[in-house]
Amino acid sequence: MVAEILRITDQVFDELVSIRRDIHAHPELARTEIRTTALVAERLAAEGLAPRLLPGSGLVCDIPAQAPGDARRRVALRADLDALPVQEATDLPYSSTVPGVSHACGHDVHTAVVLGAGIVLARLARQGLLEVPVRLVFQPAEEVQPGGALDLIAQGAVDGVERIYAVHCEPKLDTGVVGTRIGPITSASDEVTLTFTSRGGHTSRPHLTGDLVYAMGQVISQVPAILGRRLDPRSGVNLTWGAVNAGRAHNAIPTIGTLRGTLRCLDVRAWELAAQVLHDAVEQVVSAFGVGVEIEHNRGVPPVENDADGTTALEEAARAAVGPRSVQLTEQSLGGEDFAWYLTKVPGALARLGTRLPGGRTYDIHQADFRVDEEALRVGVRLLATVASRTGR
């Protein structure tokens, strides 16, 4: 079985590289992935499958089993389709043609990998070698909150699914290395927006008004420290501000200002407590300065918590299809990933897919110059096709 997976993967590899480059050159933001969805659907249909388009964008596609096995056992493979609002800064011949938008997180790789795994599995099924049905899930809107995973769950994407798997590009690992971890592998990630209001006034008389900018400065420095003392430090709570806006004149205290940032947490229990602690801390700090504040805390995603059996299955598949030394224990990341929502419904696991050219430079995700070693596509297809084909055993 593994030998046949490797053979088919090699057979379609060049085509997958071309598809990945096409997607890379035509990135689409969250919930606008119409072209990408159509491209994937057309290729799956050419393989004799019947993809089901979802409202807006995204699709699911079932591959029926043809070998004797338990047809009630279904495994799912998930990819995310959307790009980021980041201007690409590479000299690649297939770089983004869309101003201000690029696949700086590698979702074009994820899409091509799951598509490739689907092609491999469809051909195995036609040979009577696939023992359990497989569902391919191509999800829109991973990069926004609330993410597209919740939409797909509501539309039945994981109904009847026994296990679900995914990969995520990891530029700190060489191509050919698969990073795994039992338990939390990513962080909870929330969006926080604070809006401050004051009567404003002259900077020569801050005592006669609410000094909004000074109050914002205290929140910026004090609230993260308070969270670190009010929540278990082992939970890895991290509040980082990404946008600060207030005023336009050097001698006028403004009437309104905003802070925007992310609240991340490695532990789901602490994540559940963090909202109230954050709310109390902000109000306590601001109250001393006569400034009003409105708190908008958008719950994002919980940590991705890898199931032990699913992680073991990924590791065994990697050793069989990629190489006996291909598996590496990976660290838990403070990044968020809405694959976590699927794992609240169905057990499974996410693996980190090494994308760094061995001996080459690390190009980090969410940066304008992000690029991957395209041999990672071959590794990802082999990994996901193998783990799916073994589920029925």
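What is the handedness of the crossing of α1 and α2? The crossing of α1 and α2 is right-handed, where right-handed means that the near helix is turned clockwise from the far one by less than a right angle, and left-handed that it is turned anticlockwise. The legends below describe a predicted model, in which local features need pLDDT of at least 70 and side-chain atom pairs count only at pLDDT 80 or more, while totals for chains, interfaces and linings use all residues. Residues are numbered from 1 along each chain as its sequence is written, and side-chain values use heavy atoms, with hydrogens and water left out.

**View 1. Helices α1 and α2.**
This view shows the packing of α1 (residues 2-25) against α2 (residues 34-46). Helices (H or I, at least four residues) and strands (E, at least two) are DSSP runs, numbered from the N terminus. The angle between α1 and α2 is about 160°, and their axes are 10 Å apart; axes are lines fitted to C-alpha atoms, for helices over the stretch in contact, and angles run from 0 to 180 degrees between N-to-C directions. The two helices α1 and α2 are therefore roughly antiparallel (angles over 145 degrees count as roughly antiparallel, under 35 as roughly parallel, 65 to 115 as roughly perpendicular and the rest as oblique). On the α1 side, Glu15, Ile19, Asp22 and Ile23 meet Arg35, Thr36, Leu39 and Arg43 of α2, contact meaning heavy atoms within 4.5 Å. Three residues of this contact are nonpolar, one is polar and four are charged. Here Ala, Val, Leu, Ile, Met, Phe, Trp, Tyr, Cys and Pro count as nonpolar, Asp, Glu, Lys and Arg as charged, and the others, Gly among them, as polar.

Glu15 is placed in helix α1. Its relative accessibility is 31%, so Glu15 counts as partly exposed (buried means under 20% relative accessible area, exposed over 50%, partly exposed in between, with a 1.4 Å probe and protein chains only). Gly116 is 101 residues from Glu15 in sequence, and the C-alpha to C-alpha distance between them is 9.2 Å. Arg31 lies in the loop between α1 and α2 and has a phi near 65°, a positive value in a residue other than glycine. Arg31 is partly exposed, with a relative accessible area of 40%.

**View 2. Helices α2 and α3.**
The angle between α2 and α3 is about 15°, and their axes are 10 Å apart. The pair α2 and α3 is therefore roughly parallel, and its crossing is right-handed. Val40, Arg43 and Leu44 of α2 make the contact with Thr111, Leu115, Ile119 and Arg123 of α3. By class, the residues of the contact of α2 with α3 are four nonpolar, one polar and two charged.

**View 3. The largest nonpolar core.**
A nonpolar core is a set of buried Ala, Val, Leu, Ile, Met, Phe, Trp, Tyr and Cys residues joined through side-chain atoms within 4.5 Å. The largest one has 59 residues, and those with the most contacts inside it are Leu44, Leu77, Leu121, Val134, Leu136, Phe138 and Leu384. Helix α3 (residues 107-126) gives the largest share of this core, twelve residues. Leaving aside neighbours within four places in sequence, Leu121 is in contact with Ile63, Leu77, Leu130, Val134, Ala385, Ala388 and Ser389. Another core, of 27 residues, lies apart from it and includes Val137, Val158, Val268 and Leu350.

**View 4. Leu49 in its loop.**
Leu49 sits in the loop between α2 and β1 (52-53). At 13% relative accessibility, Leu49 counts as buried. Not counting residues up to four places away in sequence, Leu49 touches Leu44, Cys61, Asp62, Ile63 and Ala122.

**View 5. The loop between β4 and α4.**
Pro146 is found in the loop between β4 (134-139) and α4 (148-154), and the peptide bond from Gln145 to Pro146 is cis, with omega near -5°. Ala141 lies in the loop between β4 and α4 as well. Phi of Ala141 is near 60°, a positive value in a residue other than glycine, and Ala141 is buried, with a relative accessible area of 0%.

**View 6. Helices α7 and α9.**
The axes of α7 (residues 308-321) and α9 (residues 375-389) come within 8 Å and cross at roughly 120°. Helices α7 and α9 are therefore oblique to each other, and their crossing is right-handed. Ala313, Leu314, Ala317, Ala318 and Ala321 in α7 meet Arg382, Leu383, Thr386 and Val387 in α9. Seven residues of the contact of α7 with α9 are nonpolar, one is polar and one is charged.
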